[in-house]
Amino acid sequence: MDLFTEIDKLEQECNELDPGPDARKDMTRNVTARAEKFLRQLENGEFEVFVKPGDKKSSGILKHPITEEKSNLDDILDAYEDSVLKSGVQIPHPMHFGFVPSGAIYPSALGDYFSAVTNKLTGMFYTAPEGVRLENMLVAWVASLFGYPSNHAGTLASGGTAATLIAIQTARDSMGIRGRDYERTVVYMTGVVHHCVKKCLQVLGMHDVIYREVSMDETTLTMNVSNLRYQISKDLERGLKPLLIATSIGTGYVGSVDPIDKIADVAEEYGIWLHVDAAYGGFFILVDDVKHLFKGIERSDSMVTNPHKGLFLPYGSSVLLVRDGRKLFESNVQTNSGILQDGSDMDEFSPCDLSFELARHSRGLRMWLPLKLFGIRPFAAALEEKILLAKYFHQRITGIDGFVADPPPVLSTVVFYYDTTDDKKTEEFNKELLARILEDGRVFISSATIRGKYHLRICILGFRSHRKHVDLFLDIIKANVKSLKEYYTL
């Protein structure tokens, strides 16, 4: 076979990867029909919100490995629906109150679809100038919400952990911390800061840094500023190097909000990098009644907030902001060379110069499309509703004899437990209550240990979650408490 014949033969085989318009329409129609079916079943309550994972032997998806053989689209999607969609947690479900729920508003999925089909390389300004401008415009809008200055910089990251990693890296580099300094470098945080902070330090190779756990206000579970100042002064006396204060607006445990403005006073006095994790709580700034909680955030050196939480986007959406954008750029930029040399000397920040990522999914359309389509008001209304639903649940649960829910909700998270008056029995009772609630399958919640005591925990954040769903959950609680009280003879 001569070279031309071989190339032509391979071209014919390769053309299967580029189906024609009729085939594309059929594929798209099939997928969208199944998406509609899923959403309809969700609305009709046909899905259990949580199904415990089975063992590996019972896995359905593992029966469909990659082989040389072709499969038809119906069989492939059937396999996905029958296995992946029917196990674990249904994240878009209105009764998903566990962890910090994500959203998945439909226009974002359309944005992802169109982004994937057109496949713009928005990591570099040179390859997608308007796509990069779109992302930078979104970053600038978020920065404006929090009062960041015009010389800020930021990037759309895959999630809060990736965004936090970049923030800590930038803090380290701008503070001149090198490997030889790690054993004398100090990071300050409370016991309820998100665990991604420590994970990011480990990923950056900073295993030897010193962690100082700052005490918390016993009532609000927020950072004690006096204790922070005391620990910093003692560390300076020891000749150590304070690097970072990690704070939170909306802790994962109880949704508490640290006093950022007072902490900023300390950070500025001692020249320490102030980072705010607002991954969960950030977009509540759209709600007028809680704007006061954000006082001082404009003074932070960096912050993270997640549109896949507070703006109800699908997973994979986080925003990192750095107040002095030049520091973010200098920590991440690499002189282009080789195949990337044509992309240098552009007049706008490229995402690849503000992050460790180079090639990555174009993230702008999934966020810009729904914000343009709906405007900001429906998002603000949904967030305000969640705050009020948390207050409503708190009022109702504390009205049931035996339940304790303290502290009261600040945002949309409530922690609570049934008090049997015996500490050991109380923990057993609440663990069994959680097990029965999850076994029921109609609602998904999680737990948290607060002040050494086991609590049940709900976070109301899904845009489909409304008062009728909270009422159903309360009915489920009451029914299970009744049977448990009989079992424990209470």
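This is a predicted model: local features need pLDDT of at least 70, side-chain atom pairs count only at pLDDT 80 or more; totals for chains, interfaces and linings use all residues.
Figure 1. Helix α11 spans residues 325-332, and its buried residues are G325, L328, F329, S331 and N332. Viewed down the axis of α11, these buried residues fall within an arc of 165 degrees, so they line one face of the helix. An α-helix has 3.6 residues a turn, so residues three or four places apart point the same way.

**Figure 2. The cis peptide bond between D406 and P407.** The bond that leads from D406 to P407 is cis, and its omega is near 5 degrees. P407 belongs to the loop between β10 (403-404) and β11 (413-418). As background to this view and the next, most residues other than glycine have a negative phi, and most peptide bonds are trans.

Figure 3. N119 is not a glycine, yet its phi is positive, at about 55 degrees. The residue sits in the loop between α4 (106-118) and α5 (129-145). With a relative accessible area of 60%, N119 is exposed. T489, also not a glycine, has a positive phi of about 50 degrees. T489 is placed in the segment after α15 (467-487). The relative accessibility of T489 is 68%, and T489 therefore counts as exposed.

**Figure 4. The salt bridge between K9 and E13 in helix α1.** K9 pairs with E13 in a salt bridge whose closest N and O atoms are 2.8 Å apart. Both residues lie in α1 (residues 3-14), where they are four residues apart, about one turn of the helix. K9 is partly exposed, at 44% relative accessibility. For E13 the relative accessibility is 44%, and E13 likewise counts as partly exposed.

**Figure 5. The salt bridge between K86 and D82.** The side chains of K86 and D82 meet in a salt bridge, at 3.6 Å from N to O. K86 has a relative accessibility of 48% and counts as partly exposed. D82, by contrast, is exposed, since exposure is assigned over 50% and the relative accessible area of D82 is 52%.

**Figure 6. A buried salt bridge and a salt-bridge network.** E357 and R363 form a salt bridge in which the closest N and O atoms are 2.9 Å apart. Both E357 and R363 are buried. Elsewhere, salt bridges link R34, K37, D74, D78 and E81 in a network. The structure as a whole holds 35 salt bridges.

**Figure 7. The largest pocket and its lining.** The volume of the largest pocket is about 1,100 Å³. Its lining consists of 34 residues, and those nearest the centre of the pocket are V31, A35, F38, Y80 and A109. The elements that contribute two or more residues to this lining are α2 (21-43), α3 (73-83) and α4. The largest share, nine residues, is supplied by α2. Sorted by class, the lining of the largest pocket comprises 22 nonpolar, six polar and six charged residues.

**Figure 8. The second largest pocket and its lining.** The second largest pocket holds about 950 Å³ of space. It is lined by 42 residues, of which V100, H194, H195, C196 and G252 are the closest to its centre. At least two lining residues come from each of α6, α7 (196-203), β5 (210-213), α10 (307-310) and β12 (446-450). Among these elements, α7 gives the most to the lining, with four residues. The lining of the second largest pocket is made up of 17 nonpolar, 18 polar and seven charged residues.

Key. Residues are numbered from 1 along each chain as its sequence is written. Side-chain values use heavy atoms; hydrogens and water are left out. Buried means under 20% relative accessible area, exposed over 50%, partly exposed in between (1.4 Å probe, protein chains only). The arc is that of the directions from the helix axis to the C-beta atoms. A salt bridge is a side-chain nitrogen of Lys or Arg within 4 Å of a carboxyl oxygen of Asp or Glu. On a 1 Å grid over the protein atoms alone, a cavity is a set of points where a 1.4 Å probe fits but cannot get out, and a pocket is an open set with protein on both sides within 12 Å along at least five of seven lines; lining residues have an atom within 4 Å of a point. Grid points are joined across faces, edges and corners, and a volume is the space filled by probe spheres set on the points. Ala, Val, Leu, Ile, Met, Phe, Trp, Tyr, Cys and Pro count as nonpolar, Asp, Glu, Lys and Arg as charged, and the others, Gly among them, as polar.
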